[in-house]
Structure formats: C-alpha cells, structure tokens
Amino acid sequence: MDNKSIATVLYETADLLEIDGADSFRIRSYRNAAQAIENLTDQIRDLIPEPKKVLAIPGIGKGMLLNLQELFRDGHLTMQAELLKKYHPSMLQLLKIQGLGPKTIALIWSAYQVSDVDGVEKLAREGKIRTLPRMGEKHEQKLLKAIEDFRRISGRFLIDNAEEEAKRLVDYLARFDAASSGLASFGGFEKITTAGSLRRGRETVGDLDILVTGSACCSVEDRAKAVHYVAQYPPLMNILAQGDNKISFRLRNDMQVDVRLLPPESFGAALQYFTGSKAHNVALRQRALKMGYTLNEYSLADLKTEQPVAGRTEEEIYAKLNLDYMPPELRENLGEIDAAEKHTLPALITLDDLQGDVHMHTVETDGRNTIEEMAAEAIAHGYKYMAITDHSKNLAFANGLDDTRALAHIQRIREANSRIEGTTIFAGIEVDILADGDLDLSDEVLAQMDVVIASVHSAFNQEPAKMTDRLLKAIANPNTSIIGHPTGRLLLRRDAYQYDMDAILAAAAKHKVAMELNSYPDRLDLNEVHLRQAKQRGVKIVINTDSHHTSHLDKIRYGILQARRAWLTRNDVLNTLPVAAFARAMKHEWN
Ligand code: DGT
Ligand code: CA
Ligand code: CA
Ligand code: ZN
C-alpha cells in the first residue's frame, strides 16, 4: 500500500467516525494523520519497521501508529471494518458524492437508515430530503444533480487506480495456498494475469478482467475452493455472479471485477479473447473462419474436426493465423491485423527508449521536492537529462515565478547541474499562455531557458476560434519549445478546451514546436487520436510526467502506453534523442 491508499483508508475512517457521532478529537486525529501521510516525501511503508520515525511525523501519535501497523500487517483496519459492517460498505460510495458530507449522511441515516446511492436518490425524488433539519428544496435539487454527475463519471476509472486495484488483487490471488485450502491436486494458481482494457493500456478502465490458471483450475472441487478463496477478498463489497469457473464482484470503490479460472491448455485462447478489444476479436475470428478454423475463448480449432490446433499461448494462436504477434496496445482493429500479416507492424516506442523527462516542478512553485531530489530520482530512472520547469506568475496559487525569480531559479538550476553528476539538468519553465496568446514572462528571460513549455492554465472557456488564435500565437513565439498538456482535459472531470486541432498541428510542424504527451493519469494529453494526427502531420512529441513529487516520475509508463496505442516509434518522440540533439530540438532544430 502506498501513501495515497493509506491516506484514503484514514480519511474514510474519519468520515465513518463522524457519521457514527464519534468525538471530534478522535475524528480529527484520523484526518490529521491522513493529511500528514499524503504529504510525506517518504513512503510510510518504509518507515513502519522503525516506529520512532513514524512517531516523529507531526500528526501521528501512538494510537495511530498501532492503526498503521495493523493496516500493513492485515491489509485493513478493524475500526473501519466494524463501521462498514454497521452502516454497509455502500456508505463509502455516498461519501464520494460532491457536497454530500458525513453530517448530511448521518442525518439521512438516522431518519431513514438508508446508506446507498440508489436509496438516497429515491428519497430525494420523493421529496424526503428537503424535510430534514437544515435541508430544503434547493439542497435536494443540488443533491440530485450531484448524484447525476457521480453516475456519469463513475463506472470508469483512471488507469493508475485500476492498475493499483489489479495489483492488490493479483497479490492476494498469489497467496492462495493450495495445501492449506485442502486441494486434491497439488499447486495453487500458476499464472495470474490481467486482461481487458487495462492490459491494452486504455486511458480509462471499465472493469477489471483477471485470468488465473494452474492445477487448482482443473477439478470441479478444486475450482470451488479457489472461487471460495476469491470470494473472501477483503475489499470485496458484493458478489454479482458466481459460477463454476468465474466470479464477478464489486469492490468497495465501486470497481467491478471478473475473475476467471482456466485450464492451462485454454489459457492463451482466453487471454487473447478477454484482452480484446471486441473489434479486434471479431476481425480475428473472421480471419480464422476464412482459414478453416474456429476461434473462441477455449481454443483455435479446426472447423471440420473441431480438434484444437492452438490455445495454450497467444503467440501460437497468432502464429497459426499467419500473423506477427501484436502487442495488446495495438489490438483495436485499426489496421494492426493487416500490418501483422504484411510484417509491417511498427517498432513501438518502449520505456527504455526515453532518455529524459523534461516537465517537472519543485518546491520553488507547487512541487514537493527540491531540484536535487528530483535529479536523484531522474538518475535512478537512468535518464541522461531532465528539465526543471516550474510555473510562471499567472498561476498565483502555485506561487508561480516572475522574471526576477525565474532568473534566480535558472541560476540555481545551472549551479545544481554543475554540481550533480549522472544527468544533465536543463533550465526550463512551464510558462502560462495568457488569454490573448502572449506568454507570461518576458522574451529576454524565456530566451535564457533551455526548455520552454507553454501551457494554458486559465480562460478555458474561450470561443474555439479565439482559443485557436491564442495557441497559434504561442506556437509562433520563437521561445516556445513545447505546448504542454495541449487540450487541458482532466479525465472523468473536465472536458478538453475546444479549438482547431488541425490548424494547431500544422503550425507546430511549421515552427518545429513539439506537442507534449503528458503522462499524468488524469491528463494523458495529447490523447491517442490526436497523437496519430500529430504523427501524420510530422509533429514531434515529447513524453513527460509533469511530476510534482519524486514518486511521480514513475507515471511516465502511462504516457508510453498511450504513445504505443498511437503507433508511435522512437523517431516520433524527441526525448529519445541524445542530450545535445535534444537541446537543439528545443530550439526548433530537428529533422
Ligand atoms: P472496459 O472494461 O469497458 O474498459 O473494456 P474491456 O475491453 O476490458 O471490455 P470488457 O471487460 O467488457 O470485456 C473484456 C474483453 O472480452 C473485451 O475486450 C473483448 C472480450 N469480449 C467481451 N465481450 C465480447 C463479445 O461480445 N465478443 C467478442 N468477440 N469479444 C468480447
Ligand atoms: Ca474490462
Ligand atoms: Ca469484463
Ligand atoms: Zn501545467
């Protein structure tokens, strides 16, 4: 469990205690601890073996230390589990609704003993919320609107969230101990794999598809024991369907999971089928039929004799269909089957191709770490270069830099660069593109930067024509190297701002300004469609993290996944270049 998941459990417990009417001191102790852990630079799990270090964190006392030890030992808090039993785990869903806090939830509970979203919605529609103390018709209408918003975005999850849930479940499945569960055949699960949209690296994930195989999947009795084990998964909220070799359930955070148990000889066929996409599968099955085979989740089989010819691995299935192996990211029926037949699949970019990450913030503005700490992390990632790109003054709440502070910051970065071995630290800035398209700092200051990322952080709702002009002006500024998070969307939260993407890409190609692929899981901006469009236009991409903390540098892999889904190769991405060539590219010199 990372700091974020620990903090979430503590925040949830605080809310549940508040619903339960606990004293405010106790509630506050959970919230304070959650906040302290959220803001911690180190991972709390690394400190746990040394209780003194945990107690040294302001906001964490002896009682909280015991809670944390329990969390790391058992994976849950008894306190939280008991409260969830009392009020039902659906209470956590209610808490996610904007504007619906513990106080109101407690009010609704004491009047109606309702603790789930559907139930509260029904009450509101029946006019039963307005009559509660301190409520009213306005509150009721606002609540209904908030429930509508909640439903619109719930049902899909950000990729990092899905990945984390999948990992936790896979770890749990890996602990299935065949011997102690009294299986007839020896052995637990030999393979546990995620399939579906998560394996394809889609930007958001609907439900998790987990496949397991091993001898525990073979006999009926053993399968029953294995399914029973899955059903005991602690974060499970309710079971949706349960069969002989499949169990579907909902987690407390509302994420749905399908776990399937497969015999080893079908594992490849099932992995292929449940990885999808559906469109890829349909096209592949048609091809199989033309070649005299049937393809389903059990095997690739001869149409006439029904004898399986492949099924144990994906590779043998694709090979039998005379196709090169297609990485999951490409399986969307967007030309990959054709390319696999003609041996023209692209050599997709990999994490190893990246030589640097050039979008990160420090304590000078809204980052959490120093230049030195960010540099150490970049070196740990094997990067040959990096850039510090703090905010400019227009972003006042982030303590953005004016000309004077920006110049001093350049000095600090240059000084750190001369002192630190192992990576080159470029001096950069993430400068705001103001409402009229001007950049937020003077040309003289910007000209001294190695990397100028120009980003929109304000006036998102301009008319598309005005937004287009605004971005065109920023691209034409000779100091601009990269347009940061070019569409400004926040996944599941805020739509992209509207403008003429074709005109912007044409201008970027002309001025040799790169487009960012921001890897932050709620951005993934440009998206895969725009990345393909950019590639067609000859616009180069820079894949960055936009890190505000050393731990964020890892998020680069989500950007790589999107780049792969867009068929990008290392030639399309500037930060695969060696340091000198990259520096020139930031000054509009590339081939
Ligand atoms: P999601 O969960 O909405 O993010 O997207 P997926 O792709 O994970 O979709 P899901 O979970 O409904 O199904 C997993 C895979 O199973 C899907 O990618 C392809 C396969 N699959 C599901 N339904 C069908 C179907 O009706 N026909 C075929 N050929 N494949 C299907
Ligand atoms: Ca899925
Ligand atoms: Ca599914
Ligand atoms: Zn930004």
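Visitor: How far is an oxygen atom of ligand 1 from an N or O atom in the side chain of Arg-200?
Guide: Happy to start there: this is a predicted model, where local features need pLDDT of at least 70, side-chain atom pairs count only at pLDDT 80 or more, and totals for chains, interfaces and linings use all residues, while side-chain values use heavy atoms, without hydrogens or water. Residues are numbered from 1 along each chain as its sequence is written, with chains lettered from A and ligands numbered from 1 in written order. Asp-207 also has a side-chain N or O atom 2.8 Å from an oxygen atom of ligand 1. For Arg-200, the separation is 2.9 Å.

Visitor: Which residues coordinate the zinc ion (ligand 4)?
Guide: Donors here are N, O and S atoms within 2.8 Å of the metal (3.2 Å for Na, K and Ca), and sites may look incomplete because water is not among the atoms. Along the chain, the spacing is E-x26-H-x27-H. At 2.1 to 2.2 Å, the coordinating residues are Glu-430 (OE), His-457 (NE2) and His-485 (NE2).

Visitor: Is Ile-37 buried or exposed?
Guide: Buried means under 20% relative accessible area, exposed over 50%, and partly exposed in between (1.4 Å probe, protein chains only). Ile-37 is in contact (heavy atoms within 4.5 Å) with residues beyond four places in sequence, including Ile-6, Leu-10 and Leu-68. Because its relative accessibility is 0%, Ile-37 counts as buried.

Visitor: What separates the C-alpha atoms of Ile-37 and Ala-7?
Guide: These two residues are 30 residues apart along the chain. Their C-alpha atoms are separated by 6.1 Å.

Notes. A polar contact is a pair of N or O atoms within 3.5 Å; within protein, one must be able to donate a hydrogen and the other to accept it, and residues adjacent in sequence count only if both atoms are side-chain atoms.
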